[in-house]
Amino acid sequence: MAESQTVSDAIAAVLPDLPDHVLKSVEDTLKALGAVTADDLQYITEVDLLPVLKPVQARRLVAAWAQNKSSTPTPAPACSSQGSLLSSSSGSPVTPSRASSTATSSSESCSPRAPNWLDTFQIPWQKLSEELVQNLERQKRPSPRLRREMIRIVVSEMMKICKNPTKQNTTEIAKRMVARYPRSLQDVIDGDIIGLGYHSLAKQLQSRVENVKRPDTPKIKRRNRASDDDTDEISVEQRAHVQDTYGCVNWMPKHLPLPETVTSQSEKKEKMKTFEEINFNSDAVKELIKSTYFTQRKDINNGESIKNLSHEWPFLFKEVGMAAHFQELTGVCLIESFLANVEKKGARLLNFFKCVDAHKHKQVLDALLKVQTEIGQSTGCSGEVIQMVLLLLAHFDEKEEHMFHFVEKTSLAEEVQMDGVPPTPCLIVCGSSCFAAETFMLSIDNEIVNDCITSFTSAICLMFGSYYCFNIHYPVELRSTLEFLQRCFFSINPEKGTKVEWKKKKKVFSVNPRVFTLISDLADHEWTFQ
């Protein structure tokens, strides 16, 4: 592919009749994927273009770019030393000036591709300050200032060898650093490792690399490899399935449990329908939910509507039933895990919002002042959980109306106007605020499936559990708050994938950077909050 050819030219050469607005959309999509030069186009796949082009158009572009790739001459092997530059392949002498210019240009082009540089790279621990080394050796978490110092030194050494380290490079180095000093560098809150434990350090390393490169490169440098986001390589048709199974350990059992039959499953389902909704035996319901889990998953995964599910499996939408189903599905105790994590981490999170975050973000300060005027209306664990959720929403600048819908305190389910209620799991709050409410309702797909939830803690657990039990994606409007709750309070930490709904032209990260930034800030706050 010609070096001077622009991305726009490369598109027009294959699809000359493409309307200008479509051409602009394709260019924007390619730019979002990191393709900023014509050479980058060889890494684009058909799936990348489907959001903005018809399938045949996408195939024509990909086929043409792939053909250009195969016809591009193979570059000369990377030079192993300057000495090899001082003689040509034929053994003829090279003038000093020519050798100098050749060495310079070869160094610039070869450095980023230095073979196996990562295998031999030594993390420069010896160059760290005494104060920083003391922190690491004593298994203490470095202060943000010392952590930034460490990042600068490590990146400086990296870029002496490789001028353009990739995200994979920085991730590998972050992994090694955390392996050496896990107690000091790992992403952890109260002993719970978040994700793989090194994402925030990898993010800082990559950000530093980009900052160092910026003065020398007015344009974003092209990436030599395709994006490593695990969802990028998955077809559009498979993407929904990946999001449905995210965080699950038993999404669809292969067989009925012994000695169950289709008939026995049907009988147990009908038996649960006869139970009174108020006076029922919780242990009996739990056992029936567990024994009919296969049939429940079959109905859910086959796309049965929420309305039909609430009629056929009414206890799936009650605390006891959803908790039993959620545990079979994810291996996590829905209520118990949340309460244990609130007790363990809730106080520190609130202290961080009040003492640190409120001074940095106006929306957090505003939310905090509002909470303090309303908190007198509620006490106990639910009051703390309400504060935590509201301040999380404010921190991520995500709107309450996507999670809560407020109605009169005496409203009945049939009286709720569903026009302004989002289709994703939503809590109907019966009162002027979450603190004042004595009753909550759960709405899914604009159907009220539980109209008598008496505590906010139960309500938030049922709302969160619904995303997993009924194959619902996190809405983009709540993606950070829900993922933070998922990782830190429900202890679901998949290594790959995403639960966030996918939207055209919208980059979706498998690991939310904003979530890991907050986790890293909280870990730093741990040493000052005791």
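Here are a few stops to click through, in a model that is predicted.

**Stop one: two packed helices.** Select residues 262-274, which form helix 13, and residues 282-291, which form helix 14. Two packed helices are described by the angle between their axes and the distance between the axes. Here the angle is about 145 degrees, and the axes sit 10 Å apart. Helix 13 passes helix 14 in a left-handed crossing. Now show side chains: helix 13 brings Gln265, Lys268, Lys271 and Met272 to the contact, while helix 14 brings Val285, Leu288, Ile289 and Ser291. Sorted by type, those contact residues are four nonpolar, two polar and two charged.

Next, pick Phe404, Phe456, Ile460, Tyr468, Phe470 and Phe484, the residues with the most contacts inside the largest nonpolar core, which has 87 residues. Then zoom in on Phe456: away from its sequence neighbours within four places, its contacts include Ser382, Val385, Phe404, Leu427 and Phe440.

**Stop three: another core.** Select Trp117, Leu136, Tyr181 and Leu205, which are among the 28 residues of another core, apart from the largest one.

**Last stop: helix 22.** Is helix 22 mostly enclosed or open? Select residues 479-489: 10 of the 11 are buried, so helix 22 is largely enclosed by the rest of the structure. Among the buried ones are Leu482, Phe484, Arg487 and Phe489. Just after the helix, click Ser491, which has a positive phi of about 55 degrees.

How values were computed
Residues numbered from 1 in each chain as written. Predicted model: local features only at pLDDT ≥ 70, side-chain atom pairs only at ≥ 80, totals over all residues. Heavy atoms only, no water. Axes fitted to C-alpha atoms, helices over the stretch in contact; angles between N-to-C directions. Helix = DSSP H or I, 4+ residues; strand = E, 2+ residues; numbered from the N terminus. Left-handed = near helix turned anticlockwise from the far one by under 90°. Contact = heavy atoms within 4.5 Å. Nonpolar A, V, L, I, M, F, W, Y, C, P; charged D, E, K, R; others polar. Buried < 20%, exposed > 50% of the residue type's maximum accessible area, 1.4 Å probe, protein only. Core = buried A, V, L, I, M, F, W, Y, C linked by side-chain atoms within 4.5 Å.
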